[in-house]
Amino acid sequence: MSLQLYGHPFSSYTWKALIPLYANGTAFEFRGLGPDDPVNNAFVVAAHPAGKFPVLVDGNSTVIEATAIVEHLAVHYPGEAPLIPTDPAKAAIARMMDRVFDNYVMANVQRVVGAYIANMESPDPAEIAGGKDGLLSTYRWLEAWLGSNSLPPNVSLVTCAAAPSLFYADWIERIPGDCPRLSALRSELLALPPVARCIDEARPYRPLFPLGAPDRD
Ligand SMILES: N[C@@H](CCC(=O)N[C@@H](CS)C(=O)NCC(=O)O)C(=O)O
């Protein structure tokens, strides 16, 4: 099989690459990372400047960074879900929103999770407060944005970024009641078949969530 995806089923950025693969029924081999997979771990450490995943291998090409993986799939493995809007103006907006979800939702999730991973008994309260405040600011920005914009109707780059980041963000700082559009968007995204599949495949790993996984979703 020419496509291989290196990642972990509980990793939000791995979901970002899995969602387009599942949405378009693209055949690939999943290469898991973890204590029992030293060869796969070593491959990722060599492939990415910071050893981060997912990593996609397509024949002789190695593609790092989840956004670039979605772009690669859109170009080389087009399918039912047009991952990047064909209208260049809409594509520019999709790329802008991809940055919002990565840089201001997922980065704040990782800030809080990182504080726990650094010190499970006594996570840095400033890091936790900073991450949670950042999430609340972004929730309010997204709520306002959704008042006059909507996501593309099909699975797109924005879905791939938004679904995993909102899934985990809500576990860290619940989307407040004054953000009903964002709350509804999260529910709609989690119900999409490729997203629901990622959620189900990750269920066995929930005990790994450093803050304790809530009993929902
Ligand atoms: N900018 C990267 C971020 C990827 C990332 O943060 N992946 C996490 C897993 S969700 C990771 O590799 N964590 C392990 C590490 O940082 O060493 C991307 O978009 O692919």
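Begin with the largest pocket of this predicted model, a space of about 860 Å³. Its lining is made up of 27 residues, and if you select S11, S12, Y13, F53 and Q110 you will have those that lie nearest its centre.

Next, colour the helices α1 (12-23), α3 (66-76) and α4 (88-118), each of which supplies at least two residues of this lining. Which helix gives the most to the lining of the largest pocket? That helix is α4, with nine residues. Coloured by class, the lining of the largest pocket shows 13 nonpolar, nine polar and five charged residues.

Now show the ligand, which sits in the largest pocket, and select the residues around it, namely S11, S12, Y13, K52, F53, P54, E65, A66 and Q110. This shell divides into four nonpolar, three polar and two charged residues.

At K52, an N or O atom of the side chain is 2.8 Å from an oxygen atom of the ligand; at F53, a polar backbone atom is 2.8 Å from a nitrogen atom of the ligand; and at A66, a polar backbone atom is 3.0 Å from an oxygen atom of the ligand. The ligand taken alone exposes 500 Å², of which the protein buries 74%.

Finally, move to the second largest pocket, whose volume is about 260 Å³. Of the 14 residues that line this second pocket, select P85, K90, S150, L151 and P152, the closest to its centre. Here too α4 gives the most to the lining, with three residues, and by class the lining of the second largest pocket has nine nonpolar, four polar and one charged.

Methods. Residues are numbered from 1 along each chain as its sequence is written. This is a predicted model: local features need pLDDT of at least 70, side-chain atom pairs count only at pLDDT 80 or more; totals for chains, interfaces and linings use all residues. Side-chain values use heavy atoms; hydrogens and water are left out. A residue is near a molecule or strand if one of its heavy atoms lies within 4 Å of it. A polar contact is a pair of N or O atoms within 3.5 Å; within protein, one must be able to donate a hydrogen and the other to accept it, and residues adjacent in sequence count only if both atoms are side-chain atoms. Accessible areas come from the Shrake-Rupley method with a 1.4 Å probe; for residues, only the protein chains shown count as cover. On a 1 Å grid over the protein atoms alone, a cavity is a set of points where a 1.4 Å probe fits but cannot get out, and a pocket is an open set with protein on both sides within 12 Å along at least five of seven lines; lining residues have an atom within 4 Å of a point. A molecule sits in a cavity or pocket if more than half of its atoms lie within 2 Å of its grid points. Ala, Val, Leu, Ile, Met, Phe, Trp, Tyr, Cys and Pro count as nonpolar, Asp, Glu, Lys and Arg as charged, and the others, Gly among them, as polar. Grid points are joined across faces, edges and corners, and a volume is the space filled by probe spheres set on the points. Helices (H or I, at least four residues) and strands (E, at least two) are DSSP runs, numbered from the N terminus.
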